[in-house]
Amino acid sequence: MAAENTRCTVLLSEEKQSESASETTSWDRQILILASDRVRAGRIAGALGDQPHQTEITGHADWQARRLKLIGASAIILASPEVDLDLLTELLAMRRFRSVPILVFVDQGSREEMSSALKLGVSAFIVDGLEPDRIPAILNVAEERHSLTLALRDELQKSREDLAARKTIERAKGLLMTKSGLSEQDVYDSMRRMAMTQGKPMREIAENVLAIFAIFP
């Protein structure tokens, strides 16, 4: 009896874990529709077909953007008569939404509004083009563009970090050369041996050198 109860407990636990994993996966993969009314929301939902999605009607008087703190998404589609830059700003203030493509469909919009939306991080800005048969293709293009943008951003960040590291290493080398009288190559070799021995990057060794000289100039 005890063994049977134990087995039932294990099975229930596994079932709950499976449900939890399924919910998390769905939560991450769903498309979030933020529409000003149900007509626009219906057009988008119909175009998405079987793709998991969640709809929020932003035009309701009691709707608040803070509801989005409890929602996840793999992409966000906004649809309204005019672009809501305040809502976009609130969306992108939430860190997890900065890494997903955002599409905006509006009935009308100026070039300035489009530029502002793109600078905020929007992947697609479509004026007078909320046509269900076009939405899947626009979504695919926006997702690809967003992936390329993220890759370029990561590459730029890495280049900046590499440049900062080189500057730090050069400063540390200069100080060590001045204090020790050793050549640039000898100082560099010493720093590299220390980095290999301690299993640390050269940048960290250089930062430690600069910190020591800051205390004992």
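This report walks through the fold of one predicted protein chain, from the whole to a single residue.

The model is predicted: local features need pLDDT of at least 70, side-chain atom pairs count only at pLDDT 80 or more, and totals for chains, interfaces and linings use all residues. Residues are numbered from 1 along each chain as its sequence is written, and side-chain values use heavy atoms, without hydrogens or water.

**The chain as a whole**

The chain holds seven helices and five strands. Helices (H or I, at least four residues) and strands (E, at least two) are DSSP runs, numbered from the N terminus. From that end, the elements run α-β-α-β-β-α-β-α-β-α-α-α. Of the 217 residues, 31% are buried. Buried means under 20% relative accessible area, exposed means over 50%, and partly exposed lies in between (1.4 Å probe, protein chains only). Contact means heavy atoms within 4.5 Å. Among contacts between residues at least 6 apart in sequence, 59% join residues at least 24 apart.

**The sheet**

The five strands form an open sheet in the order E2-E1-E3-E4-E5, with parallel pairing. Strands E2 (53-57) and E5 stand at the edges with a single partner strand each, so one side of each has no neighbour in the sheet. Neighbouring strands are turned by 15 degrees against each other on average, direction ignored. Two strands pair if DSSP finds at least two bridges between them.

Strand E4 (residues 102-106) is mostly covered, with five of its five residues buried. Ile-102, Val-104 and Val-106 point one way, while Leu-103 and Phe-105 point the other way. E4 pairs with two strands, as the table shows.

| Pair | Bridges | Direction | Opposite residues |
|---|---|---|---|
| E3 (residues 75-80) and E4 | five | parallel | Ile-76 and Ile-102 |

E3, helix H3 (residues 85-93) and E4 make a right-handed β-α-β unit. E4, helix H4 (residues 111-120) and E5 make a right-handed unit too. Right-handed here means that, with the strands pointing away from the viewer, the path from the first strand over the helix to the second runs clockwise.

H3 lies across E1 (31-35), E3 and E4, at about 165 degrees to E3. H5 packs on the sheet and touches E1, E3, E4 and E5. The direction of H5 makes about 140 degrees with that of E4. Axes are lines fitted to C-alpha atoms, for helices over the stretch in contact, and angles run from 0 to 180 degrees between N-to-C directions.

**H5 meets H6**

Helix H5 (residues 135-180) and helix H6 (residues 184-198) pack at about 115 degrees, with axes 9 Å apart. On the H5 side, the contact includes Ile-169, Leu-176 and Met-177. On the H6 side, Val-187 and Tyr-188 are among the residues. The contact divides into seven nonpolar, one polar and three charged residues. Ala, Val, Leu, Ile, Met, Phe, Trp, Tyr, Cys and Pro count as nonpolar, Asp, Glu, Lys and Arg as charged, and the others, Gly among them, as polar.

**One residue up close**

Ile-102 sits in strand E4. Ile-102 counts as buried because its relative accessibility is 0%. Not counting residues up to four places away in sequence, Ile-102 touches Ile-76, Leu-78, Leu-88, Leu-92, Phe-97, Val-122, Ser-123 and Ala-124. Ile-102 and Ala-124 are 22 residues apart in sequence and 6.8 Å apart in space, C-alpha to C-alpha.
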